[in-house]
Amino acid sequence: MNECAICDRLATPGSVYCEYHSKAYDNLRDAFEKWKESLEIEWDKYLKQLLETEGTGLWIQEIAEYIIQQGSI
Ligand SMILES: [Zn+2]
């Protein structure tokens, strides 16, 4: 079993994230898909905007920071 890419928990099978971070990631992708329909926004800009938004959940913040650091989609 591998560790989550972000925290020390075990990653869920088929994912680089633990169950909490993988759930946060799914929520993030879902939210982004909805945003994309109304706003022309890039994934990385969306993530950066999230980090600047007050009230963004901790799990989401950690995921967003991680993805930005990786520079990947
Ligand atoms: Zn995790």
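A residue counts as buried if 20 or more other C-beta atoms lie within 10 Å of its own, as exposed if 12 or fewer do, and as partly exposed in between, with C-beta atoms placed from the backbone. By that test, 16% of the 73 residues of this protein are buried. The model is predicted: local features need pLDDT of at least 70, side-chain atom pairs count only at pLDDT 80 or more, and totals for chains, interfaces and linings use all residues. Residues are numbered from 1 along each chain as its sequence is written.

**Overall fold**

The protein has three helices and zero strands. Helices are DSSP runs of H or I with at least four residues, strands are runs of E with at least two, and both are numbered from the N terminus. Along the sequence the pattern reads α-α-α. The radius of gyration, taken over C-alpha atoms, is 12 Å, close to the 11 Å of the globule rule (2.2 Å times the number of residues to the power 0.38), so the protein is as compact as a globular protein of 73 residues. Its C-alpha trace spans about 40 × 20 × 20 Å along the principal axes.

| Item | Value |
|---|---|
| Helix H1 | residues 19-38 |
| Helix H3 | residues 58-70 |
| Angle between H1 and H3 | about 80 degrees |
| Distance between their axes | 9 Å |

Axes are lines fitted to C-alpha atoms, for helices over the stretch in contact, and angles run from 0 to 180 degrees between N-to-C directions.

Which residues meet? Tyr20, His21, Ala24, Tyr25 and Leu28 in H1 meet Trp59, Ile60, Glu62 and Ile63 in H3. Contact means C-beta atoms, placed from the backbone, within 7 Å. Leu28 touches Ile60 and Ile63, leaving aside residues up to four places away in sequence.

**The core**

A nonpolar core is a set of buried Ala, Val, Leu, Ile, Met, Phe, Trp, Tyr and Cys residues joined through C-beta atoms within 7 Å. The largest one holds 10 residues: Cys4, Ile6, Tyr17, Cys18, Ala24, Tyr25, Leu28, Trp59, Ile63 and Ala64. H1 and H3 are the elements that give two or more residues to this core.

Ile6 sits in the segment before H1. Is Ile6 buried or exposed? Ile6 is buried, because 21 other C-beta atoms lie within 10 Å. Beyond four places in sequence, Ile6 touches Tyr17, His21, Glu62, Ile63 and Tyr66. Ile6 and His21 are 15 residues apart in sequence, yet 7.8 Å apart in space, C-alpha to C-alpha.

Technical notes: Two residues are in contact if their C-beta atoms, placed from the backbone, lie within 7 Å.
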